[in-house]
Every structure is written in C-alpha cells, then in structure tokens.
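Look at the sequence and the model first, then read on.

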Amino acid sequence: MNQDDASASPTYAGPERILSGVQTSGALHLGNYLGALVKFVRLQDQAECLFFLADLHAITAWQDPELMVPQMRQIAAAYIASGVDPKKAIIFPQSAVHEHAELAWIFNCVARVGWLERMTQFKDKTGKDREGASVGLYDYPVLQAADILLYKATHVPVGEDQKQHLELTRDIAQKFNNDFSAPGFFPLVEPVIEGPGARVMSLRDGLSKMSKSDPSDQSRINLLDDADAIAQKIRRAKTDPEPLPETVEDLKGRPEANNLVGIYAALAGTAKAQVLAEFGGKGFGIFKPALAELTVHKIAPIGEEMRRLMNEPAEMDRILLAGVEKAQSIAAPILAETKRLVGFWSPKRNA
Ligand code: AQP
C-alpha cells in the first residue's frame, strides 16, 4: 500500500489506518481465515491496524449471554494464533468502546432507508423470515460504517461478501461530509479484497459461501478442527467425476473443483494457474490428499495455539484491555468532532 491508495478520498489528509473485525458469533472457519485473518497478518506491518471483536454485530442474532465472553475470547485467540501481534495491532471488543454505538446512531440519521433496502446480505440472511429479523440485522451495515469511520480507517481487509457494505460506508462518509460542510472529514474507505481466498465456498455446495451459520459442520473447516477432522472433511468434500482441468478457464461451470483449487492456491500463497500446472489432468484421488495435507499443515497448529490461549483468560484480558484503551484514545476525539459538526451541546464548548 502506498500514499496513492488514499487518493480515493482526495480531500482526506489523515494517516492510513486499517480496520477490520469478525463477529463473535461462533467458531471461525477457513473462509474467515483466508478472507480476513491472513490479510490482517500481512497488513499489520504496513500501517496502523485495529482488529476488533464484533460482539455488537453478533447480537443481531440471538446469542446465549453465558457464551458471549468465551466466544469473544475465542475470536481474539484466533487472531493471535493466526499471527496477529498485539504489540503491532490493536485488538479489542467492540462493545467495550461505547463510541461505536453512539456514532452508529448519528449515521442512522445520515443513511437512507433506500440504501439499506438494497443490501443483499440482509436478504440472504433473512430469506423469507424478514419480518422476524431484528432491526439490528437490518441496520448492521450502518454500525459497520460507524466501526470504520470512528477511526477514520482508510482500508478494510474483508472477504468479497462485504464489498456492498463498504460501498455503503463510502456513501455515508460522503453524505456526512456534504451535509455538514466538512469536506474530507471522513475518508472514503478502500476495501482490501483480493486473491483466491476472498470467497471460500461450502465443501458441500460450491455455490454457497462457507459460513458459520450453515447447519452442516461438514460444509466448513473450523479453525478448531483437529488434523483428522480436517482430512476427513476434505476427503468427503463434494466434487465432480472429471479430472482437474489444465487451465483456470476450464474451471468455469465446476464450482466445487474451482473452490478446492482456490483453497489450495490461497493456503499455498500461489495462484490457481500454478495449482493447475501441478495437478491439471489428475483426478481428485490425487488432489484431495495433497489438499488435505496442506490444510492440516496450515490450520491444525492454529487450532492448537487457540486452545492454549483460551486456557489463559487473564493474559487474553490484559491484551484486550490495552486494546480498548488504545482504540478509545483514537475514537473519542473523532466522535467529539463529529458531534460538534452535527451541532450537539458539549459542556466544554458551550460553557
Ligand atoms: N466464505 C468466506 N470466504 C471468504 N471470506 C469470508 N468471510 C466470511 N465468510 C467468508 C470474511 O470473514 C470476515 C468475518 O466475517 P464475519 O464473521 O464477521 O461475518 P460473515 O461474513 O457473516 O461470516 P460468516 O462465517 O458467513 O458468518 P455467518 O454465518 O454468521 O453469517 C469478513 O471479512 C468476511 O468477509
């Protein structure tokens, strides 16, 4: 990343800052790892990074109160076990920084209902039960905009499914800047979405996203799966009867093959074409064991390290508390300035 990347917002003159988060709504899977966590690790050396634990987002669907803290610590453990270094990046639970919810309310009054009506993730997640969904689930992308703009983040590493939400964040920033005559106050955020891990699909259906909420555990590789479970899920992954093609073009119309080749490429840090140069013409009887070996090699140690960290809650909480303090020191002045622009009373200013 270089300074030119910030040119998406020509009048924003602040520093580059990277922010992302993962919902604390269940065990993380390979899609979260490849779509988000590996990018966190890469980006932590390039700019100031904030990686939060999205517990306010998690409660848009029912969460057992007893499990909220263990689930949050589990996601923090996943960040650290994947290579996020708390000395380099700020890691914190979203709900511990109250400014997120406060800015979200202001943005609720900036965003338009028509914008939210177009969000496809809400439609995908609610299906036919729109009436029974929480208002929070509908409003989720506005809270996401607040998460990002509270820190004036310029870049957000996410999977492809979040692209539309980031466009909404840009719309909110632009409308706020215009409405309150504050050009460049909020930056126009850039998504960081690239590579074969940007959209990992279910192991049972190459047309559906790998997801925590899929009722079938066989559809995903969890970061806490042990080596045997990982190998077994890959062995049982849905495929077609043809051998792998020689070219990426020929993966079209073969969603399961395309997904497995994409997973291999993402884990190996290479391109699909490279994978096909090695495995093109070979059957899944050869490819699946190679993929299983690579996945076990990359993922099983992360699960082991997560288990170790989850057994050290005091150490985890020390990291999280330090993260909250750092996050709040950035967020509080930005929220105060936002409130001043909106015209709210402040004891310091209006005395
Ligand atoms: N299948 C995926 N492929 C690539 N990236 C993915 N992400 C999620 N699924 C995939 C990315 O992981 C980050 C954290 O996601 P999240 O947990 O905050 O929300 P989500 O996108 O709703 O994740 P899930 O697993 O699909 O959860 P449920 O089932 O609860 O909806 C994001 O960067 C996301 O892009």
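## The shell around the ligand

The shell around the ligand is made up of 6 nonpolar, 11 polar and 5 charged residues. Here Ala, Val, Leu, Ile, Met, Phe, Trp, Tyr, Cys and Pro count as nonpolar, Asp, Glu, Lys and Arg as charged, and the others, Gly among them, as polar. The model is predicted: local features need pLDDT of at least 70, side-chain atom pairs need pLDDT 80 or more, and totals for chains, interfaces and linings use all residues. Residues are numbered from 1 along each chain as its sequence is written, and side-chain values use heavy atoms, without hydrogens and water.

Among the 22 residues around the ligand, His29, Asp161, Ser211, Lys212 and Ser213 come nearest; a residue is near if one of its heavy atoms lies within 4 Å. Helix 1 gives the most to this shell, with 4 residues. Helices (H or I, at least four residues) and strands (E, at least two) are DSSP runs, numbered from the N terminus.

## Polar contacts

A polar contact is a pair of N or O atoms within 3.5 Å. A polar side-chain atom of Asp161 lies 2.5 Å from a ligand oxygen atom. A backbone N or O atom of Gln23 is 2.9 Å from an oxygen atom of the ligand, and a polar backbone atom of Gly31 is 3.1 Å from a ligand nitrogen atom.

## Helix 9 and helix 12

Helix 9 (residues 227–236) and helix 12 (residues 284–310) have axes, lines fitted to C-alpha atoms over the stretch in contact, that come within 9 Å. They cross at roughly 150°, on a scale from 0 to 180 degrees between N-to-C directions.

Terms used: Polar contact = N/O pair within 3.5 Å; in protein donor to acceptor, adjacent residues only side chain to side chain.
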